[in-house]
Amino acid sequence: MPLQPISRRSMLVGAFGLAAAGALSGCVANNGPVPSTAAAGSKADIGEVEGTIRFAFWGGSDGENAGFAHAKKVFEARHPKATVELQTLPYDGFFSGIDRGILSRTAPDVFRVDYTSIGKYTSHGVLLDITPYLSATESAGFLPALRDAVRFEGRTYGVPHQTDTSAIAFSRDALDEAGIGAVPDRLEDAWTWEDFTAVATKLRKALPDDKYPFAYDWTAAGAYRWASFLYQAGGSLLTPSLEHSAVDGDPARKAMAFTQRFFDERWVPANNTIKTTVYSDNFFLNQTVAMTFIGDFLVPELADAKNGYQGGKWATTYMPRDEAAASDLGGNAVVATRDTEHPELAAAFLKFLVEEAQMRDFCQRANELPTLKSLADTPLDYAVRPDVMDVFTQQATTITETAVRETVVPGFASVNTALQDQLELAFHGRGTDAAVQAIDAAVEQAVAA
């Protein structure tokens, strides 16, 4: 079936281990039926709130930290009797701490969660159902696929706070030295796989032996980003019902053969595999590669005057395309825990974070992409390198509805783990057919678990 793009519009990882998921299976909410919109029994007009809530998030960029600090200040000014305590935690271990807190009922009232992990929380009934607190107009204000990313069985369990996606950062000097001229500056002119192959081949010939054409951002929990090539080839990870693997087919074989060439042709460093400790941005920063696939949230890192890219001019261009253009769904929602003592305060804070003015402020500070329709076509005044951000904004329109639906299924953390294991083997000598069949079987097992 054709893939339908979103009309317009990580770090990631961390989800329940099997033991935690099993323990939480007994935590499913028993709140009774609620309306699919806030029209009946609406609490959407919350009004004044008071109390103290904790908001936990992992320490991100300076822009993200400043954005959340600004949101706290403005929210508390609007609600003088309310306090939001910001709890900035290391990314490593963030979700295992959340999981323990949910089980012991000591979790923060509000926390940040990536879209690849949210399905585990929505499906176990541990989050505050905010359906009654959202008006139909508020709910309809989000880009449809991202609105659906925070829903489960017709109910809404958070707000899609921002999103991000991958594009290519490249060294202008390196491409010039390889004789590569104009780089696509319109989405419709993005390199085809054949074009990209030609570019990588030219770079391989021009670069010294210890340098490489590019690096890809599929390290660790980014393994699911391999699926962008699958979508580009016209395939999908799951069947339309989301209950079975759909990997085993010609599109996956085409995508696998193409990505295995990255290693066979030495287009990427040998350690640019899934289970490595070097991320795609690091390869670019240390000038091991001439190009790198990165998420827009890494633009401030590359642009940092002291610690950023020191190899001359760099710019961005689009993901390559095959049968279609496609990219990955990144970014985060903000959710509240079901056991919060202040549900109205928590819901009010969630609604506040996705007001147009607040979302604009946060995305501009953090170099991230908005989820509101009203901002999706509006140029934002990004704090860092606004000239390169338009590429990511356009690239985000190629995130398919299929990709979003598959990314937020409850079992996606297990699917991603399966991809980590099987892609690592695929890039270390396993044949194309065997690699595709192994991924298909592992994904089937993951969604059935």
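In the predicted model, helix α18 is mostly covered, with 12 of its 15 residues buried, where buried stands for a relative accessible area under 20%. The helix runs through residues 412–426 and reaches 20 Å from its first C-alpha to its last, which is close to the 21 Å expected at 1.5 Å a residue. Among the buried positions of α18 are Phe 412, Val 415, Leu 419 and Leu 423, and the buried set also includes Ser 414, Asn 416, Gln 420, Gln 422 and Glu 424. An α-helix has 3.6 residues a turn, so residues three or four places apart point the same way. The cover over the buried residues of α18 includes α4 (115–122) and α10 (250–264), together with α17 (401–407) and α19 (432–448).

As regards overall dimensions, the C-alpha atoms fill a box of roughly 65 × 45 × 35 Å when the box is taken along the principal axes. The radius of gyration of the protein is 22 Å, which agrees with the value near 22 Å that a compact globule would have with 449 residues.

Methods: Residues numbered from 1 in each chain as written. Predicted model: local features only at pLDDT ≥ 70, side-chain atom pairs only at ≥ 80, totals over all residues. Heavy atoms only, no water. Rg over C-alpha atoms; globule rule 2.2 N^0.38 Å. Helix = DSSP H or I, 4+ residues; strand = E, 2+ residues; numbered from the N terminus. Expected span 1.5 Å × (residues − 1). Buried < 20%, exposed > 50% of the residue type's maximum accessible area, 1.4 Å probe, protein only. Contact = heavy atoms within 4.5 Å.
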